[in-house]
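Subject: Structure handover

Hello,

Here is the structure I said I would pass on. My notes on it follow below.

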Amino acid sequence: MKIATWNINSLRVRLPHILEWLEKENPDVLALQELKMEDKDFPVEIFKKLNYHVSFSGQKTYNGVAVISRADISDPEMPDLDEQRRILAVTIQGVRVVNIYVPNGEAVESQKYPYKLNWLAQLKTYLENSLKQYPKLILLGDFNIAPEDQDVYEPDLWRDKVLFSEPEKKALKEIAELGLHDSFRLFPQEPKSYSWWDYRAVAFRRNIGLRIDHILVSEGLKNNCESCVIDKLPRGWERPSDHAPVVLTLRVV
């Protein structure tokens, strides 16, 4: 099973990119974040023609998450962490897939920062309960947190700033300690591997980025992971998302 996550930063704008990438990579599951689209506008039929099942939770202008799958999708759940559409859980071939778009937080001194930390605390509680029911669980999406120095192009510059502050990293670590593993770090990776680059300052060309998009797997799936990579190619396309897809290859038994 090839499972990918991609913050596409507007489904309307990036739909051609998604379709091109689906044709090229043929993933079994693709989790999308930041749809910026209401449910009534979701292009269900386009994905059905490509033999994909879909489940989605949209919101006008902001947020929104979706899961696209070759196999049937069952037991969709939109946990009520708040009024924003930031989380969608589904079951695919016996694996619970939890797709998240963590709040950005804006800045550590802003009101949105404690909101982010509270959202992560609620997510932890939700996952603690989910893992009891679903030992085979994948948590993936745009976490808006870079876990370690190696995930930031210039860690000293970013230290104590939003996306790389200690409370955020602590919250992510506590979630991982529930029994989840960063699949990207299960394998040798190139130095300076990032999944997000600012649109400004020619950041992508200069590889000035952060690794904030993750695929975490439960203990029950850790040994089934075969590879995890960041596909930087779509970030170089015309009018790209500022994020690149992260792709996990998993042996499902």
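Two strands are counted as paired if DSSP finds at least two bridges between them. Strands S3 and S4 meet that rule in this predicted model, pairing in the antiparallel sense over five bridges. Within the pair, Ser55 stands opposite Val67 in S4.

The two strands belong to an open sheet of six, in the order S3-S4-S2-S1-S14-S13, with mixed pairing. S3 (53–57) and S13 each have a single partner strand and stand at the edges, so one side of each has no neighbour in the sheet. From one strand to the next the twist averages 10 degrees. Helix H1 (residues 11–25) lies across S1 (2–7), S2 and S14, and runs at about 160 degrees to S1.

Next, the interior. In soluble globular proteins, nonpolar side chains tend to be buried together. Here the largest nonpolar core has 30 residues, and the ones that touch the most other members are Ile3, Ile92, Ile138, Leu140, Leu248 and Leu250. The elements giving two or more residues to this core are strands S2 (29–33), S4 (65–69), S6 (87–92), S7 (95–101), S8 (137–142), S12 (213–218), S13 (225–230) and S14 (246–250). Another core lies apart from it and has 22 residues, among them Leu81, Leu120, Leu123 and Leu131.

Which residues does Ile92 contact, leaving aside its neighbours within four places in sequence? They are Met1, Val29, Val67, Ser69, Ala71, Asp72, Ile73 and Val97. Val67 is also the residue that Ser55 stands opposite.

Last, the chain as a whole. The protein chain has seven helices and 14 strands. Its C-alpha trace spans about 45 × 45 × 40 Å along the principal axes. A compact globule of 253 residues would have a radius of gyration near 18 Å, and the chain's value of 17 Å agrees with that. Of the 253 residues, 55% count as buried, where buried means under 20% relative accessible area. The exposed surface comes to about 11,600 Å², with carbon and sulfur atoms supplying 49% of it. Among contacts between residues at least 6 apart in sequence, 65% join residues at least 24 apart.

Regards

Conventions. Residues numbered from 1 in each chain as written. Predicted model: local features only at pLDDT ≥ 70, side-chain atom pairs only at ≥ 80, totals over all residues. Heavy atoms only, no water. Core = buried A, V, L, I, M, F, W, Y, C linked by side-chain atoms within 4.5 Å. Buried < 20%, exposed > 50% of the residue type's maximum accessible area, 1.4 Å probe, protein only. Helix = DSSP H or I, 4+ residues; strand = E, 2+ residues; numbered from the N terminus. Contact = heavy atoms within 4.5 Å. Axes fitted to C-alpha atoms, helices over the stretch in contact; angles between N-to-C directions. Rg over C-alpha atoms; globule rule 2.2 N^0.38 Å. Areas by Shrake-Rupley, 256 points an atom, 1.4 Å probe, with all protein chains shown as cover.
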